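This report considers charged side chains and one further residue. Please examine the sequence and the structure before reading on.

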Amino acid sequence: MQNLTELEVENLRHLIGAHGTLINKLEQYAQECNDPQLTRMLQKDERDARDTKQQLISFLG
């Protein structure tokens, strides 16, 4: 992989932080939800966000 520019690293860190926030919110929403179907959807979205965050982190090193 090519070396990342400073701007690219900054953008990756921003995206990683945003996914971290999304993960926390989805987890909280799923815990507070009373609808089992919606809870499963939120939990799936949380897992997807975690996977994407890990994928973004892998670009840093």
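## Helices in the predicted model

The model discussed here is predicted. Helices in this report are DSSP runs of at least four residues, numbered from the N terminus. Helix H2 covers residues 36-58, and helix H1 covers residues 6-32.

How many salt bridges are counted? The count comes to two.

In one of these, the side chain of Lys-44 meets that of Asp-48, with 2.7 Å from N to O. Lys-44 and Asp-48 are four residues apart in helix H2, which means that about one helical turn separates them. Lys-44 is partly exposed, its relative accessible area being 42%. Asp-48 is likewise partly exposed, at 32%.

A salt bridge also joins the side chains of Glu-46 and Arg-50, where the N to O distance is 2.9 Å. Glu-46 and Arg-50 both belong to helix H2 and lie four residues apart, about one turn of the helix.

Is Glu-46 buried or exposed? Because buried means under 20% relative accessible area, Glu-46, with a value of 11%, is buried.

His-19 is located in helix H1. With a relative accessibility of 18%, His-19 counts as buried.

Which residues does His-19 touch, when those up to four places away in sequence are not counted? The contacts of His-19 are Ala-49, Thr-52, Lys-53 and Leu-56.

Methods
Residues are numbered from 1 along each chain as its sequence is written. This is a predicted model: local features need pLDDT of at least 70, side-chain atom pairs count only at pLDDT 80 or more; totals for chains, interfaces and linings use all residues. Side-chain values use heavy atoms; hydrogens and water are left out. A salt bridge is a side-chain nitrogen of Lys or Arg within 4 Å of a carboxyl oxygen of Asp or Glu. Helices (H or I, at least four residues) and strands (E, at least two) are DSSP runs, numbered from the N terminus. Buried means under 20% relative accessible area, exposed over 50%, partly exposed in between (1.4 Å probe, protein chains only). Contact means heavy atoms within 4.5 Å.
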